[in-house]
Amino acid sequence: MLSVIIPVYNVENYIRECLESVVRQKTDDLEIIIVNDGSTDRSEEICVEYIKLYPDIVYVKQKNAGLGDARNLGLAHAKGEHVIFLDSDDYWREDLLDCILTGLRENPDLDILYFDAEVVYEDKESGRYDSYDARMYHRENSVKDRVYKGTEFFLNTYPLHFNVQACMAVFRKAFLTEHHILFPEGIFYEDHLFSMKAALKAELVKYLPQRLYRRRYHENSITTSVIDEKHMRDYMQVIRVMNDFVCSKAILEDIKKEELPYEELLLRKMRDKVFSLVQTFFEMCSFYTGDPDVIRPFKEEIYSKAHQMFQKKRMEKLYLEELEAVLYLCLKSEEDRKTDLMNRECVPEKFSLRQFFCECKRTYQKKSESKLKRLGFFEQNKKTGIYGGGNHTKGLLKAAGKYGKLSQDLFLLDSYAVSGEQEFEGMPVLNIRDIPMDTDRIIISSFLYEQELYESAEKYASGHVEIERIYQNEVRELCWQFIC
């Protein structure tokens, strides 16, 4: 059995379509749980109509406490082997359950089954995120339809395609219980911690490349609502709990026990997730028109931590994404000089923000150039083949082009192409079996098929050819900022 948990709060205009999309699913293997989170409009009246028509519906009421509380209450009542969440202003595609149950029967050991969504915009204003949504909700061309380890799925999808929406996945309930995975209660943005924790704890997950969910954007939804004091305080709290989680001794020990070949990169991506939340926080600050004292202490806390990071770790030892995050904070603190951060002891008295920014930028550029030089992008006398023709290769080439003049002897390698019949980003494309004898190095620009491509390159390359894997060092971090 599969349990669907539907929190309901003042959605009288949408709840009927939501419930209809569920009861029309052609399956008996479904437990419907409605959690009324203290609605004050006609939502309860409409829910009662459906309870009379479908007596098996589990109906629970609570005082208004928020989405996280309501979902957790639904989880406590769920009897199904798997659980799925549905927001009451959204709805399902007519064959969602059929597709999901088929996927679970074919892969009975899954902890999580992910899928995609179609975004429904009610007006032009709510559709202002359409480019972001296409990337996060339509992932069929970017994420492979296969079984992953949870950490591997996070590594493959973050940051471009890791969607934290809890409604776009099915979870094995025993898995959530075993790892005590619940939603933070009483705050907005509760999906961030839940989804990341679930992905990192899951043993086996799978992505189903189908748009089964209908995600509705309207003027009263959380995503499009005005940023007020509640939103700001909650977002600050989410950043804190996320930072506590990724830095916790428990999760670090769990990851080390797994002895993952990509452990270092995984830990860095976890920290990068917190960096991205901080960046969003500063963007929200620019829209917030309330009391500046609400956000000022948290800004100062972030600046102080950034400075402490440099005290503990020499600048040249920082990873590129750490440098990028601090560069961003430098720019934001320049805008906030009027808050007199130095007098508040967030940074030393003799601290020069402009000098600090320039030093950080120089270090970032120096590290970027040296990493790319090591791969031979700028060595005119080095013939280099790049094996892998995806978005990461495009990003890598853009990054390399920014930091120096590219070698004229670059070419792309492909497992299936016919040599000489096509080009990629202005480079000739050769079949892996046709590696020129004078090739000096091959760069493996793939994560998903890295080992497979590496073995293939070893098989067909001459003994003198150096073979580099960019996903085993921080050069790959340069790609993200250049991928559209």
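**Figure 1. Buried residues of helix α9 in a predicted model.** In helix α9 (residues 229–246), the buried residues are His-231, Met-232, Asp-234, Tyr-235, Met-236, Val-238, Ile-239, Met-242, Phe-245 and Val-246. Buried means under 20% relative accessible area, exposed means over 50%, and partly exposed lies in between (1.4 Å probe, protein chains only). Helices (H or I, at least four residues) and strands (E, at least two) are DSSP runs numbered from the N terminus. The buried residues of α9 pack against α8 (191–201), α10 (249–258), α11 and α12. Contact here means heavy atoms within 4.5 Å. The 18 residues of α9 reach 26 Å from first C-alpha to last, close to the expected 26 Å at 1.5 Å a residue. The expected span is 1.5 Å times one less than the number of residues.

This is a predicted model: local features need pLDDT of at least 70, side-chain atom pairs count only at pLDDT 80 or more, and totals for chains, interfaces and linings use all residues. Residues are numbered from 1 along each chain as its sequence is written, and side-chain values use heavy atoms, with hydrogens and water left out.

**Figure 2. Lys-230 of helix α9.** Lys-230 sits in α9. Its relative accessibility is 35%, so Lys-230 counts as partly exposed. Lys-230 touches Gly-186, Ile-187 and Phe-188, leaving aside residues up to four places away in sequence.

**Figure 3. The crossing of α11 and α12.** Two packed helices are described by the angle and the distance between their axes. The axes of α11 and helix α12 (residues 296–312) come within 12 Å and cross at roughly 145 degrees. Axes are lines fitted to C-alpha atoms, for helices over the stretch in contact, and angles run from 0 to 180 degrees between N-to-C directions. From α11, Val-278, Phe-281, Phe-282 and Cys-285 make the contact; from α12, Phe-298, Lys-299, Ile-302 and Tyr-303 do. Seven of these residues are nonpolar, none is polar and one is charged. Ala, Val, Leu, Ile, Met, Phe, Trp, Tyr, Cys and Pro count as nonpolar, Asp, Glu, Lys and Arg as charged, and the others, Gly among them, as polar.

**Figure 4. The nonpolar cores.** The largest nonpolar core has 143 residues. Ile-100, Phe-115, Met-270, Phe-281 and Phe-377 have the most contacts inside it. Helix α11 (residues 263–285) gives the largest share of this core, eleven residues. A second, separate core of 13 residues includes Leu-413, Ile-432, Tyr-454 and Ala-461. A nonpolar core is a set of buried Ala, Val, Leu, Ile, Met, Phe, Trp, Tyr and Cys residues joined through side-chain atoms within 4.5 Å.

**Figure 5. Helix α13.** Twelve of the 16 residues of α13 are buried, so the helix is largely enclosed by the rest of the structure. Among them are Leu-320, Glu-321, Tyr-328, Cys-330 and Lys-332. The helix covers residues 320–335; its end C-alpha atoms are 23 Å apart, which agrees with the 22 Å it should span.

Figure 6. A cis peptide bond joins Tyr-158 and Pro-159, with omega about 5 degrees. Pro-159 is in the loop between α6 (150–157) and β8 (169–172). Glu-259, in the loop between α10 and α11, has a positive phi near 50 degrees. Glu-259 is exposed, with a relative accessible area of 67%. Glu-425 lies in the loop between β12 (423–424) and β13 (427–431). Phi of Glu-425 is near 55 degrees, a positive value in a residue other than glycine.
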